[in-house]
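This briefing covers selected local features of one protein model. Please have the sequence and the structure open while reading.

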Amino acid sequence: MKRLDRYLLKSFTGPFALVFFIVLFILVMQFLWVYIDELVGKGLGLGVIAEFMGWGACTILPMVLPLSTLLASIMTMGGLGENNELLSMKAAGISIGRTMLPLMIVSFLIAISAFFISNELIPVAYEHIYALRDDIGRTKDEIKIPDGVFYDGIEGYTLRTERQDDETGMMYNLMVYDHTKNDGNTSIIIAESGKIQITEDKKYLIFDMYNGRSYDETNRMGYRDTTLDQSIVSFKEQRIYISLANYSFTRDENGDRFSDEIMSQDLHDLRVDRDSILNDYSTTFPSLRRKFTNNLALDYMSQLDTSLHNEPMPMFDIKGLRQLMDTTQTEDQKMMTFSRAKSEFENGMSSIETYDRDSFRFLSPTRKMLVEMFRKFSLSLACLLFFFIGAPLGAIIRKGGLGTPVIISTLLFVGYWVVDTSGVKLARDGNMNEAIGAFISSMVLLPIGVFLTWQAATDSPLFNADAYKAFFRKVWTPVGKLLKRIFRFLKRKGGRVDIIYMGTPEFAVAPLKALLEQTDYNIAAVVTVPDKVSGRGLQLHESAVKKFAVEHGIPVLQPEKLKDPDFLARLKSYDPDMFIVVAFRMLPKEVWSMPRLGTFNLHASILPQYRGAAPINWAIINGERQTGVTTFMIDEKIDTGGILYNDFCPIEDYDNAGSLHDKLAEKGSALVVKTATALVRKKVSPAPQVAFSELKPAPKITRETCQIDLGEEASTVCLLVRGLSPYPGAHLNLVAEDGSVTDVKVYDAFVPAREEQLSRGQIATDGKTYLSVGCASGNIRIMDIQLSGKKRLKIEEFLKGFRDASKYHFE
């Protein structure tokens with residue numbers, strides 16, 4: 001090895017090691033921050049935390065190695081250029097390629113090491129991390145008893161102490177509930193003082209209590225004897241032993257229980273598992289296809305296949321369609337035909353969704369496995385390509401140290417990481433070929449590396465500021481003239497459409513914002529409801545549209561009456577071209593007929609269905625699978641004008657009124673802009689509203705609407721809960737044994753599978769994780785609840801304070 005090669009290797013390995021450990025430390029800290037909530041409060045030893053961080057460090061090597069290679073190569077070659085050492089080598093007849101040769105060899109070795117790290121080390125690291133997270137998750141939090149509150153961190157007991165002595169550890173004014181028998185609040189101990197200590201082997205908790213009384217009752221009544229037995233025992237000293245089996249960190253004996261996870265497998269395991277899944281799929285696919293085609297009733301599957309027929313086949317059987325066209329049919333007969341067609345269409349869509357789910361069960365894991373197989377090679381390729389980007393770039397910019405190289409390498413790596421993450425996600429979701437998704441970041445880096453290497457080899461002034469200044473001076477004159485013309489045009493108001501926007505709630509803010517972002521429109525004014533006094537403090541509240549308009553300097557009109565002469569005169573003074581209405585009051589003809597381009601409204605349903613004040617809520621309550629938004633021209637009646645455009649939106653099983661509101665607001669914003677543009681360009685005409693099925697209204701939500709009827713089916717009740725969440729909320733009455741009634745709001749619920757039928761209003765709960773309520777058919781399981789006058793709680797938090805559910809029922 002020549003002295004020059006040794007010098008270059010020494011110049012490279014130092015920065016590489018420095019950058020490697022710095023970046024590794026930063027990313028390990030970020031890794032620790034992500035999982036800090038799972039680690040704190042568990043009483044874990046430093047060894048366990050160090051092991052967890054060590055395996056975590058192994059998993060982030062795919063990010064550390066490419067960045068270290070890039071930054072070290074830029075620093076090495078940039079330092080040589082900054083110190084004129086590259087210039088001396090060229091003067092001595094040593095080409096840039098020969099100078100980079102030893103660094104190329106090192107980069108190849110790094111790439112080979114990266115492959116073995118990806119294939120051998122990282123799967124083992126992920127397997128250990130999965131196992132450690134599982135073991136840590138089963139470890140209970142440390143026992144820390146606060147003053148003045150009931151603490152249930154000790155399994156089987158709930159206790160409360162007024163104060164504690166930090167020096168002696170003594171607790172005073174103790175109240176202890178014993179729940180070890182799972183029999184409700186039937187055993188309670190009240191003591192003046194007490195102390196907790198742990199045995200030497202740390203297997204038991206010793207709870208000593210002094211000067212107190214123990215109260216126990218049977219909590220069971222016989223058929224003839226309905227009395228309850230209670231025993232009271234006074235004591236000067238009492239000791240309780242509590243097992244600490246679940247409070248210390250223990251490892252599961254099955255250490256390889258996560259070896260079948262995709263991230264925990266090497267190339268061989270991934271290939272074997274993928275072949276097994278594909279083999280199962282090839283065996284199952286014929287039955288899936290037969291089931292799919294049979295459910296769709298595809299009677300003419302081969303009619304259009306010209307390879308099976310020498311002559312044209314007869315026409316499809318369109319008897320049903322001809323029946324619709326038969327003018328002698330009654331309206332009821334036509335509706336029955338439409339209903340049959342709709343039913344067959346829905347059955348077909350259900351079959352398609354089922355086939356898609358069955359196929360996804362096989363194809364999704366195989367895609368992910370193939371992506372991970374390719375990624376084990378893409379890491380090595382990325383290290384190599386980053387060297388061929390960093391080394392030429394350092395030779396061109398001729399800057400070493402941690403200044404400019406850090407900035408450039410960070411920008412390049414962030415771009416690489418964004419492209420790589422996006423490609424991998426698209427490939428895993430099936431939206432991109434697996435190989436392209438895994439190697440798309442390398443495809444982006446390859447031309448950059450080739451271009452920079454060529455520039456460095458030809459001594460191109462790629463980063464010569466004087467060359468760029470000359471170029472910009474040459475092109476600035478025509479560009480400057482064009483920009484001046486554009487600025488002059490933008491300063492003029494002429495050509496812009498003046499719009500008056502009318503709306504009130506949050507739903508109307510998004511379309512207003514979308515219109516403001518358009519350069520072709522001028523929001524001359526906003527019309528909204530007057531400010532109202534409400535709340536316990538009788539404070540003055542402004543509408544959401546007014547708040548937005550004031551923030552953006554738009555004039556606001558708040559008339560008490562829309563036919564007020566002063567208000568009409570004010571509207572005319574703006575000389576508006578168009579009125580746009582979103583979630584506002586019914587307009588009189590004097591208002592909606594004023595602008596030259598007319599007045600259109602945005603409605604949160606596919607008209608003519610769900611006309612009224614609450615289309616979003618009623619679409620979910622009625623179990624619709626699809627809704628949307630519609631723009632229409634306003635006329636004398638409510639929501640009956642000619643339709644301009646509509647946009648459909650699916651209603652997912654997890655949607656409630658709040659989430660559907662947000663999705664429709666986004667779609668409505670785009671539709672408002674589209675409608676306004678089409679009206680200005682005269683490319684749309686109103687179409688009359690036509691009903692193809694029974695119309696469903698959307699009246700205002702009342703208190704009676706919000707009351708849950710447990711005499712309905714469980715699925716119907718869940719739809720009502722979703723349709724009224726988060727506002728105004730569905731109501732139930734919680735009735736205690738003594739007849740007292742508490743109003744309860746339910747914000748989230750679902751129908752559990754395979755659960756024993758409860759009687760109407762009956763409550764079933766484990767006291768910790770779930771609460772089920774019986775309906776006429778099936779049960780509902782409440783997930784989110786709020787008692788009257790209390791805050792909204794997840795069911796797990798609610799059950800901590802809800803004891804002895806047998807004493808309550810719902811109505």
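Predicted model: local features only at pLDDT ≥ 70, side-chain atom pairs only at ≥ 80, totals over all residues.

**Helix pair α13 and α18**
- Helix α13 spans residues 509-516 and helix α18 spans residues 657-680; their axes come within 8 Å of each other.
- The crossing of α13 and α18 is right-handed.
- On the α13 side, the contact is made by Ala510, Pro511, Ala514 and Leu515.
- On the α18 side, the contributing residues are Ala665, Gly668, Ser669, Val672 and Val673.
- Sorted by class, the contact of α13 with α18 has seven nonpolar residues, two polar ones and no charged ones.

**Strand pair β6 and β7**
- Strand β6 (residues 497-503) and β7 run parallel and are joined by six bridges.
- Within this pairing, isoleucine 499 has isoleucine 523 of β7 as its bridge partner.
- Strand β7 covers residues 521-527 and is mostly covered, with seven of its seven residues buried.

**Threonine 284**
- Threonine 284 is located in helix α7, which comprises residues 267-296.
- The relative accessible area of threonine 284 is 25%, so this residue is partly exposed: the value falls between the limits for buried (under 20%) and exposed (over 50%).
- Threonine 284 and aspartate 358 are 74 residues apart along the chain, and their C-alpha atoms are separated by 9.7 Å.

Methods. Residues numbered from 1 in each chain as written. Heavy atoms only, no water. Axes fitted to C-alpha atoms, helices over the stretch in contact; angles between N-to-C directions. Helix = DSSP H or I, 4+ residues; strand = E, 2+ residues; numbered from the N terminus. Left-handed = near helix turned anticlockwise from the far one by under 90°. Contact = heavy atoms within 4.5 Å. Nonpolar A, V, L, I, M, F, W, Y, C, P; charged D, E, K, R; others polar. Buried < 20%, exposed > 50% of the residue type's maximum accessible area, 1.4 Å probe, protein only. Pairing = 2+ DSSP bridges.
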